[in-house]
Amino acid sequence: MNAFTASNHDATTHIAQSQRLIDPPLEIRLRKAQRMLELTWPDGAQSRISCLTLRRACACSNCQRLQQTGALTLIDAEVGVNRLELSGISGLQLYFSDGHFRGLYPWAYLRDLGDPA
Ligand SMILES: [Zn+2]
């Protein structure tokens, strides 16, 4: 028998801070007409992130390879998000209108993207 089996109630949450595992948003709204993703966080903060910003931050294998080789990436300023899916409890997967869909957007990453620079 596995001596380390524990119920969810016993799970420690200490790692949460250091790993930047933040609580998922209460609400996620994709405003397709405005090409804007709106998130409402448990602490009441709201993030508005344009699809263009999200697309620029795409971390799919294709985009990462381009960044590593220093290649110029052409992104349509009109790019939109066709669809979004929850990726487990850790974040969102976004399906862009230009075909990129392999990038994962963890909650903390989304929150950072939405904060004013
Ligand atoms: Zn990409």
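The protein has four helices and six strands; both are DSSP runs, helices being H or I with at least four residues and strands E with at least two, numbered from the N terminus. From the N terminus on, the order of elements is α-β-β-β-α-α-β-β-β-α. This is a predicted model, in which local features need pLDDT of at least 70, side-chain atom pairs count only at pLDDT 80 or more, and totals for chains, interfaces and linings use all residues. Residue numbers start from 1 along each chain as its sequence is written.

**Confidence**
- Mean pLDDT is 82, and 81% of residues reach 70 or more; pLDDT is the predictor's confidence in each residue, from 0 to 100.
- Residues 4-18 have pLDDT below 50, and beyond near neighbours in sequence this stretch has two contacts in the model.
- A contact means that two C-beta atoms, placed from the backbone, lie within 7 Å.
- Where pLDDT is low, predicted coordinates should not be read in detail.

**Sheet E1-E2-E3**
- Three strands form an open sheet in the order E1-E2-E3, with antiparallel pairing; strands pair if DSSP finds at least two bridges between them.
- The edge strands are E1 (27-31) and E3 (46-50), each pairing on one side only.
- Neighbouring strands here are turned by 15° against each other on average, direction ignored.
- Such angles lie between axes fitted as lines to C-alpha atoms, for helices over the stretch in contact, and run from 0 to 180 degrees between N-to-C directions.
- Five bridges link E1 and E2 (residues 36-40) in the antiparallel sense. Glu27 stands opposite Thr40 in E2.
- Helix H4 (residues 107-114) packs on this sheet and touches E2 and E3. The direction of H4 makes about 80° with that of E3.

**Sheet E4-E5-E6**
- A further open sheet of three strands has the order E4-E5-E6, and the pairing is antiparallel.
- E4 and E6 (104-106) stand at the edges with a single partner strand each, so one side of each is left without a neighbour in the sheet.
- E4 (residues 81-87) and E5 run antiparallel and are joined by six bridges. Ser87 has Gly91 in E5 as its bridge partner.
- E4 and E5 form a hairpin with three residues between them. Gly88, in the turn, has a positive phi of about 60°.
- H4 also lies across E5 and E6, at about 80° to E6.

**Core and burial**
- Buried residues make up 13% of the 117 residues.
- A residue is buried if 20 or more other C-beta atoms lie within 10 Å of its own, exposed if 12 or fewer, and partly exposed in between, with C-beta atoms placed from the backbone.
- The largest nonpolar core has eleven residues: Leu37, Leu39, Ile49, Cys51, Leu54, Val81, Leu92, Leu94, Phe96, Tyr105 and Leu110.
- Such a core is a set of buried Ala, Val, Leu, Ile, Met, Phe, Trp, Tyr and Cys residues joined through C-beta atoms within 7 Å.
- E2, helix H2 (51-56) and E5 (91-96) each supply at least two residues of this core. The largest share, three residues, comes from E5.
- Val81 touches Leu30, Leu37, Cys51, Leu54, Leu94, Tyr95 and Phe96, not counting residues up to four places away in sequence.
- Residues 24 or more positions apart account for 41% of the contacts with a separation of 6 or more.

- Arg35 lies in the loop between E1 and E2. The phi of Arg35 is near 50°, a positive value in a residue other than glycine. Most residues other than glycine have a negative phi.
- Arg35 is partly exposed, because 19 other C-beta atoms lie within 10 Å.
- Gly44 sits in the loop between E2 and E3. Gly44 counts as exposed because it has 7 C-beta neighbours inside 10 Å.
- The C-alpha atoms of Gly44 and Pro25 are separated by 9.3 Å, and the two residues are 19 residues apart along the chain.
- Helix H3 (residues 61-68) is hardly covered: the count of buried residues among its eight residues is zero.
- Just after H3, Gly70 takes a positive phi of about 75°.
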